[in-house]
Amino acid sequence: MSEHVQPEHVQSEHGQPDHRESEHRESEHRESEHRESDRGPSERAESDRAPGLVARGLTVRYGGVVANDDIDLRVRPGSVVGLIGPNGAGKTTLVDAVTGFTPAEGEITLNGQSLTGMPPHKRKAGGLARTWQSAELFGNLTVEENLLVSARKVGFASLVRDVFGRAGAGRSADRALETVGLTDARGSLARDLTLGQQKLVGVARALAGRCDLLLLDEPAAGLDSNESREFGARVREIAKSGPGVLLIDHDMSLVLNVCDVVYVMEFGKVIFTGTPAEARVDASVAAAYLGSPMEEADA
Ligand SMILES: Nc1ncnc2c1ncn2[C@@H]1O[C@H](COP(=O)(O)OP(=O)(O)O)[C@@H](O)[C@H]1O
Ligand SMILES: [Mg+2]
């Protein structure tokens, strides 16, 4: 279907060796990820110490609906993992389960630390940051003010970390804006920005503070294809700066061009895990997307 299409980053004349390396790293590990649930206890203990996010057996029930059914998910630091699937597949529920906004069975570790059972604010302090589907900015505040209104009160521990620059110290609002390429817009009113820039302010807001894993729930909704491409490039920059990124989006071209690994969900289950190249030719992915924008990814 799309053999002639190379991921955007491979075509880039500037070359992004980091990305290719991380893709390579990802594919080395993919086999074991596929079989996470078949592993024995000692191998499981091993992966508990693994860097990045490891979620195992996540199950969320809403009444009779099993919105997440025994999901295993892995996001390595510095990588971008895509999560796609039809409406109602359970993507937002998975973000809610990982971040603690909905009760879930299963286990979650981040860089070897268990987050299982913790309330959302503790998971945030532990390094999980998210954006919300359709989150809005304060239009009459500046970009910088939009970041500051959501900033947490700085506690003594994070102050010490910041002063001594220890690993895991939070990213300042300035650095978050720099990472998304909006340093020059910091004094602009949010309502004067393009939609693409506004989306990036939302991302910077999540990125400020401690962030080891960034979960983006349809962050590019409403962007045209050019804006979406630029947004994708920024998402790669974010991953390059350290954190893993979980990217949910309906824009297949964005997801397939930007991600190292793609998970496809349908009816609460993961039906496919693999590289974008594998996703493009997988029959079960095509079936899940029959009549929806799979073709756009070839454009
Ligand atoms: N808070 C909730 N209460 C009851 N059912 C919910 C709730 N949130 C989601 N659901 C149901 O769970 C399923 C998955 O929804 P969701 O995670 O929002 O899917 P997606 O983000 O992939 O579109 C859907 O059937 C939806 O109706
Ligand atoms: Mg959703």
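Me: In this predicted model, which residue stands opposite Ala55 in E2?

Reply: Leu73 of E2 stands opposite Ala55. The two strands concerned, E1 (residues 53–62) and E2, are antiparallel partners.

Me: How do you know that E1 and E2 pair?

Reply: Pairing requires at least two bridges between two strands. E1 and E2 have seven bridges, so they count as paired.

Me: What is the order of the open sheet of four strands, and what makes a strand an edge strand there?

Reply: The order is E2-E1-E4-E5, with antiparallel pairing. An edge strand pairs on one side only, as E2 and E5 (113–114) do.

Me: What is the order of the open sheet of six strands?

Reply: The strands run E6-E7-E8-E3-E9-E10, and the pairing is mixed. Its edge strands are E6 (128–130) and E10 (269–274), each of which pairs on one side only. On average, neighbouring strands of this sheet are turned by 20° against each other, direction ignored.

Me: How do you know that E3 and E8 pair, and in which sense do they run?

Reply: Four bridges join E3 (residues 80–84) to E8 (residues 244–248). The requirement is at least two, so the strands count as paired. They run parallel, and Leu83 stands opposite Ile248 in E8.

Me: Which strands does H10 touch as it packs on the sheet?

Reply: H10 touches E3, E7 and E8, and its direction makes about 155° with that of E8. H4 lies across E3, E6, E7 (213–217), E8 and E9 (261–266), and runs at about 150° to E7.

Me: How does the reach of H10 compare with the expected one?

Reply: H10 (residues 225–240) has 16 residues and reaches 23 Å from first C-alpha to last.

Me: Why does Gly100 count as buried?

Reply: The cut-off for a buried residue is 20 or more other C-beta atoms within 10 Å. Gly100 has 21 such neighbours, so it counts as buried. Across the chain of 299 residues, 43% count as buried.

Me: Where is Gly100 found, and which residues does Gly100 touch?

Reply: Gly100 is in the loop between H4 (91–99) and E4 (105–110). Leaving out residues up to four places away in sequence, Gly100 touches Met118, Pro119, Pro120 and Arg123. The C-alpha atoms of Gly100 and His121 are 8.5 Å apart, for residues 21 places apart along the chain.

Me: Which residues surround ligand 1?

Reply: The shell consists of Tyr62, Val65, Ala67, Gly85, Asn87, Gly88, Ala89, Gly90, Lys91, Thr92 and Thr93. H4 supplies the largest share, three residues.

Me: What makes up the shell around ligand 1 by class?

Reply: Four residues are nonpolar, six are polar and one is charged. Lys counts as charged, and Lys91 belongs to the shell.

Me: How many helices and strands does the chain have, and what share of contacts join residues at least 24 apart?

Reply: The chain has 13 helices and 10 strands. Among contacts between residues at least 6 apart in sequence, 69% join residues at least 24 apart.

Key:
Residues are numbered from 1 along each chain as its sequence is written. Chains are lettered from A and ligands numbered from 1 in the order in which they are written. This is a predicted model: local features need pLDDT of at least 70, side-chain atom pairs count only at pLDDT 80 or more; totals for chains, interfaces and linings use all residues. A residue is buried if 20 or more other C-beta atoms lie within 10 Å of its own, exposed if 12 or fewer, and partly exposed in between; C-beta atoms are placed from the backbone. Two residues are in contact if their C-beta atoms, placed from the backbone, lie within 7 Å. The expected span of a helix is 1.5 Å times one less than its number of residues. A residue is near a molecule or strand if its C-beta atom, placed from the backbone, lies within 6 Å of it. Axes are lines fitted to C-alpha atoms, for helices over the stretch in contact, and angles run from 0 to 180 degrees between N-to-C directions.
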